Every structure is written in structure tokens, then in C-alpha cells.
Amino acid sequence: MAWPENQKCADCGASKPRFASITLAVFLCNRCYGIHRGVGAHITRTKCVGLDRWGPEEVHRMKCIGNAVASAYWEQRLPQGIQRPSPESPDSEVERWIRDKYEKRLFCPPDLPPPEAPKFAIEETGASVRSSDWKPFG
């Protein structure tokens, strides 16, 4: 799961992201994580990679989708000339990008649903996965 794309924030490109959006299956830096929380759980539900408990289906989703697949969908119709924010971009610019991308859905195909992970069969044990049990960054 040590994909190079997951070594950077899906929204601003900051290195070593330590958070994730479970619903969008992307890895996030601290700043973008905070913005995602502000957008709301109806759009993006977030977790800390190193502290939170993860269900097996959540880990499966992150492994199957990740930043590259998610970005291919959410940025498929990105108009020429629109720049993704950088780690140095002002917070207001990053928030506008995140809201335009996920909340307003300005850059994704209007006729296709977001990417989904293949069905994952789990035993009904209610087990969760500690963050130390999986290594999203290698």
C-alpha cells in the first residue's frame, strides 16, 4: 500500500499526510483534514491514520482507491488553467478548492458515481484494525 500518490496530501500535495477521508478514500495533511471536517461528515468523514481504529472495510477501501484513483475521478473535468493548491497556498484557497472539488462537485463527471472498492466480505466479529496493523505509507 506504499503507493507514491498516497505519500502526499490529495488536496494540497503536502508530504507525509497522517489523516484520511474514509468516504472519499484519500490521504490528507493536517490542514486539509481540518478543512474536510468543516465541510461536514455528509460529504467527507475523516480519521487519523496513526491514532483511530479502522474497520476492515475501511482499510480495504483505502487500499483499493487511494489518492490516484480518487483524483482521477474528482479532477477528471478540471478546466485547463485551474491550479491545484500547494502546501504554501493560503487556507482560503485550499478551502475553496476542497469545497469546489467535493461539495460542489465541479470537476468530476456528472453522470458517474465516485469510485467504490470491490465488495469486501468480513466475518461478523465486529473486529477493528489498529492503525499499527496496516501501513498505508510502507
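Reply: The model is predicted. Start with the sheet: β1 (residues 19–21) and β3 pair in the antiparallel sense over 3 bridges. One of these joins S21 to T46 in β3.

Me: What makes β1 and β3 a strand pair?

Reply: Pairing needs at least two bridges. β1 and β3 have 3. The open sheet has 3 strands in the order β2-β1-β3, with antiparallel pairing.

Me: Why are β2 and β3 said to stand at the edges?

Reply: β2 (26–28) and β3 (46–48) each have a single partner strand, so one side of each has no neighbour in the sheet. From one strand to the next, the twist averages 30 degrees.

Me: Why is the pair of F19 and Y33 called stacked?

Reply: The structure holds 4 aromatic pairs. In this one the ring centres are 4.0 Å apart and the planes stand at 20 degrees. F19 lies in strand β1 and Y33 in helix α1 (residues 30–39), 14 residues apart.

Me: How do you know whether F19 is buried or exposed?

Reply: Its relative accessible area is 14%. Buried means under 20%, so F19 is buried. Y33, at 16%, is buried too.

Me: What makes the pair of W74 and Y102 edge-to-face?

Reply: Their planes are at 70 degrees, with centres 5.2 Å apart. Over 60 degrees counts as edge-to-face, so the name applies. W74 is in helix α3 (residues 66–74), Y102 in helix α4 (residues 91–103).

Key:
Residues numbered from 1 in each chain as written. Predicted model: local features only at pLDDT ≥ 70, side-chain atom pairs only at ≥ 80, totals over all residues. Heavy atoms only, no water. Helix = DSSP H or I, 4+ residues; strand = E, 2+ residues; numbered from the N terminus. Axes fitted to C-alpha atoms, helices over the stretch in contact; angles between N-to-C directions. Phe/Tyr/Trp six-rings, centres within 6.5 Å; stacked < 30°, edge-to-face > 60°. Buried < 20%, exposed > 50% of the residue type's maximum accessible area, 1.4 Å probe, protein only.
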